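I opened the model to look up its sheet pairing and its salt bridges. My notes follow.

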Amino acid sequence: MQTAERIVRRFARRTNLLIAGRPARIRRPLDAGIAPLAAELERMLRALGAVIVTDSAGAGTVEYAFDLLPAGADPVDVPLLLDGAPLPDRGDAAGRIAFAGAHMPVSRRVAAGLDLRGLRVGVAMVLEPKTAQLALLLRAAGAEVAVYAHPDETDADVAAALRADGMPVDADAALSGERERQSALGFLRRGFDVLIDDGSHLIRLAHEVDPAIVDGWIGANEETTSGLTPLRAMERAGALRIPVLAVNDALTKTRFDNRYGTGQSCVFAIADLLDEVGISLRDQPALVIGYGPVGEGVAAQLAAFGAEVRVAETDPVRALVARHDGFVVEPALVAAPDALVVSATGVPETVTVGIRTAARIVAVAGGVPGEVDLAGAELSPVSRLDGAVLRHVERVSPGGALLIDRGGGVNITGAEGNPIEIMDLSFAVQLAALDHLVRTRPPIGVHALPAEIDDVVARAALDARGVAIDLRPDPLAAGSGAPSDWYSPRYDRPGTPDPSGTLDGATTPDPGAPAVRAPATERPA
């Protein structure tokens, strides 16, 4: 039922909030006619990871409500509520930045413990409201901050709002070619102690053009898988001149940003665009190429919307995981004909000419430049149902497939990036990693983050969501139930009385003595 899908997408589009992991309430009337819509909405929300509640969601949580009570309007226009009130109008760019900040409690908590006075920090990331909040939190902690964004990753209104607030911003959506390169170099030559990068494009440009640019850096943080891959190659080749923290590999980044964030934002953006040309994801054959964390999220979101999902993968373990997640796994060229093909690899030319020629629709989740091979392709505009030319969708020939955003990251150019709560986690990791980098000053190389950062960020996120968990027992504490030495409790040790009354080869137990048994907690159930 596409009405339920449109209701959920409208909520996400209006708020840029996450569906997964938060309480959701469906208010139903005593009207049998609305029951099928209510049932489908509940099924879809559960499949997207929402927690359906019928009583209080608990203190400190943010609750979404979908009001299906008769309102004299088309069901797709049912009122949407946030914490019991109608959805707020986020207004202009400053309002969107403020709304994002109000829903980023984890980043605020981590930033509150930082003292960055005297530190020069460059932020080179997709520029939208959440990134603006990261820059503002860094500045509030005492850092001198400047921001850069690639032209196709710049929200011009957000850039203008930051400039109006006194933040230096090198970002212009109109730049290309040499002018784009010079803008990036101008940003780098502002001089930094630490760079927060996305895709490692600025780190690599500095090393390529003038390695002296990075000689004074304490180091950098890298946000993405596609950015870490070339940095590790530089390290192996001896070309890397700075320490880099692999922020992407933190569990509270990859398991949430990649899977839930990119999954929701890309699939919802694709569905919004296809809706304008009369194409529904329900029953649409879909092929997800790559089953890493991004591919897992994309496949799950597509399946929740009713698409017939198949997976192509070159890694045998990931292919096996996809199979156990219930998806048909087969070669891309076999599954591509007449399908919505979504590349989730971050590898150039993943969607070959043969795949895109066979496909019905082609899109990229996240991605890198050139993930769709457009060699020999001709692009023509596509009209919406009302006759207006549709932005971000073109028809590619030969083959006639619809190409979304020319193979770019549609969640960025066609939407507002990953949901706020997801970037709250990722940016909390960035803030904690920056603190770790400055305090520990690691040597040149790509470094993993300590596990304690994941613990700190995850516990802060659970607190913000009103979720309590058990404490880990201390293995050495009395009564913990854990053995205090490495000996197996399954076997009696020589010299230990045998409770069975039989000889153990070392001693004969006294029949009149009480049996000595291992503590019950040391025996398997």
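I took helices (H or I, at least four residues) and strands (E, at least two) as DSSP runs, numbered from the N terminus; two strands pair if DSSP finds at least two bridges between them. The model is predicted, so I kept in mind that local features need pLDDT of at least 70 and side-chain atom pairs count only at pLDDT 80 or more, while totals for chains, interfaces and linings use all residues. Residues are numbered from 1 along each chain as its sequence is written, and side-chain values use heavy atoms, with hydrogens and water left out.

Sheet. I looked up the strand order of an open, mixed sheet of 8 strands and found β14-β13-β12-β15-β16-β19-β18-β17. β14 (328-329) and β17 (378-383) are the edges; each has a single partner strand, so one side of each lacks a neighbour in the sheet. I then checked β18 (residues 389-397) against β19 (residues 401-404): they pair antiparallel over 4 bridges. Glutamate 394 lies opposite leucine 403 in β19.

Salt bridges. I counted 27 in the whole structure (a side-chain nitrogen of Lys or Arg within 4 Å of a carboxyl oxygen of Asp or Glu). One of them joins arginine 13 and aspartate 272 at 2.9 Å, N to O. Arginine 13 is in helix α1 (residues 2-15) and aspartate 272 in helix α10 (residues 251-275), 259 residues apart. For burial I used under 20% relative accessible area as buried, over 50% as exposed, and partly exposed in between (1.4 Å probe, protein chains only). Arginine 13, at 47%, is partly exposed; aspartate 272, at 19%, is buried.
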